[in-house]
Amino acid sequence: SKKPVRVAVTGAAGQIGYALLFRIASGEMLGKDQPVILQLLEIPDEKAQKALKGVMMELDDCAFPLLAGMEAHGDANTAFKDTDYALLVGARPRGPGMERADLLAANAQIFTAQGKALNAVASRNVRVLVVGNPANTNAYIAMKSAPDLPRKNFTAMLRLDHNRALSQIAAKTGKPVSSIKKLAVWGNHSPTMYADYRFATIDGASVKDMINDDAWNRDVFLPTVGKRGAAIIEARGLSSAASAANAAIDHMRDWALGTNGEWVTMGVPSNGEYGIPKDIMFGYPVTCEGGEYKLVEGLAIDEFSQQCINKTLAELQGEQDGVKHLL
Ligand code: NAX
């Protein structure tokens, strides 16, 4: 049988953690034949550590055959030791009266420290997914704080936006989600993201031609996908958790096990593709094979798409400029 791999998860006692850990331990992320050791990080606070112990009791009680070990940590420098995968979910939420700049600064501190810890103690090929918001900028900060690790191994989660867009297209066309191929989401994980179905197909037919309604794209589809997080909060009184955990599982599973040529969306550091400046952590369509992602290149960008990409890029540049002095 396979040797266990180490999976670090931060914010492990939070909402998303609760929807995520059981699925990792059951083999849904890395395969039903891949044992895992969970290295769980929470803030050192007594209440958080106690809640984490409770989650671990429940993980024990599932008697998962693939759960080869489990550790609780209050320090990233031990939590990330030799880890093969790191899911950075914990982040500082916006508190009452907190300005955007304060939020960016608080998170910059967390992700600088965690990037340094990964740099110091993680596996040299650790694959990092940042979920905690602002996810793209936090991933950028972690990457910049880990100069000894490959840049390409730092990614941000755009998969929830991708999956939300798939479900809206399925509802609009009346076709199953599984039939929709070649969807792309560009940019920041925020309402400015640009979900782009111009290349998408269903059973080989163009989704754009099937829908054939630019006003719906602009006035219904993009705002619905962009504001879906707020709509969930409004309805549930809590932010997306199970769907976010599901997206994190999808992202890591596809990265590790491949997509068989199909497109998915990942936030990855740019190397200049599509005119995005180097290092910007940007949502791109990718395919995955052999544990590596590859950008889908050479897609035509029309005027409307370029405007959308410019807008989400400007937002990301604003965020990244706002933290530059802290790196
Ligand atoms: P919760 O507040 O339920 O849980 C967060 C947990 O992280 C808490 O238990 C907290 O103690 C812990 N934490 C905070 N700072 C930490 C640190 N420095 N090290 C370790 N643990 C730390 O939030 P939850 O609903 O689980 O959401 C987690 C993050 O995901 C938030 O930043 C949220 O905004 C973000 N999201 C990102 C999404 C995406 O698509 N990229 C979608 C869902 C979600 O909104």
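**View 1. The annotated active site at His 189.** UniProt places the feature "active site" at His 189, in an unreviewed entry. UniProt positions are given in the numbering used here, feature names are shortened, and annotations may be inferred rather than shown by experiment. The model is predicted: local features need pLDDT of at least 70, side-chain atom pairs count only at pLDDT 80 or more, and totals for chains, interfaces and linings use all residues. Residues are numbered from 1 along each chain as its sequence is written, and side-chain values use heavy atoms, with hydrogens and water left out. His 189 sits in the loop between strand 8 (184–186) and strand 9 (194–196). Helices (H or I, at least four residues) and strands (E, at least two) are DSSP runs, numbered from the N terminus. His 189 counts as partly exposed because its relative accessibility is 21%; buried means under 20% relative accessible area, exposed over 50%, and partly exposed in between (1.4 Å probe, protein chains only).

View 2. The ligand has 23 residues around it, and Gln 15, Ile 16, Glu 42, Val 131 and Asn 133 come nearest; a residue is near a molecule or strand if one of its heavy atoms lies within 4 Å of it. A nitrogen atom of the ligand lies 3.3 Å from a backbone N or O atom of Gly 11. A polar backbone atom of Ile 16 is 2.9 Å from an oxygen atom of the ligand. For Asn 133, an N or O atom in the side chain is 2.8 Å from an oxygen atom of the ligand. A polar contact is a pair of N or O atoms within 3.5 Å; within protein, one must be able to donate a hydrogen and the other to accept it, and residues adjacent in sequence count only if both atoms are side-chain atoms. Taken alone the ligand exposes 880 Å², and the protein buries 80% of that. Accessible areas come from the Shrake-Rupley method with a 1.4 Å probe; for residues, only the protein chains shown count as cover.

**View 3. The make-up of the ligand shell.** Helix 1 (15–25) and helix 4 (100–121) are the elements that give two or more residues to the shell around the ligand. By residue type, the shell divides into 12 nonpolar, 10 polar and 1 charged. Ala, Val, Leu, Ile, Met, Phe, Trp, Tyr, Cys and Pro count as nonpolar, Asp, Glu, Lys and Arg as charged, and the others, Gly among them, as polar.

View 4. In an unreviewed entry, UniProt places the feature "binding site" at Arg 94, Arg 100, Asn 133 and Arg 164. These residues are spread over 71 residues of sequence and also in space, with up to 25.6 Å between C-alpha atoms. Asn 133 is found in the loop between strand 5 (127–130) and helix 5. With a relative accessible area of 39%, Asn 133 is partly exposed.

**View 5. Ile 141 in helix 5.** Helix 5 (residues 135–144) contains Ile 141. Ile 141 counts as buried, at 0% relative accessibility. Gln 114 is 27 residues away from Ile 141 along the chain, and their C-alpha atoms are separated by 9.3 Å.

View 6. An open sheet is formed by 3 strands in the order 7-10-11, with antiparallel pairing. Two strands pair if DSSP finds at least two bridges between them. Strand 7 (180–181) and strand 11 (205–206) are the edge strands, each pairing on one side only. Strand 10 (residues 201–202) pairs with strand 11 in the antiparallel sense over 2 bridges. Opposite Thr 201 stands Ser 206 in strand 11.

**View 7. Strand 13 and its partners.** Strand 13 (residues 281–289) is largely enclosed by the rest of the structure, because 8 of its 9 residues are buried. Strand 12 (residues 264–269) pairs with strand 13 in the antiparallel sense over 6 bridges, and Thr 265 has Pro 285 in strand 13 as its bridge partner. Strand 14 (residues 292–295) runs antiparallel to strand 13 and is joined to it by 4 bridges. Val 286 stands opposite Leu 295 in strand 14. Strand 13 and strand 14 form a hairpin with 2 residues between them, and Gly 290 in the turn has a positive phi of about 60°.
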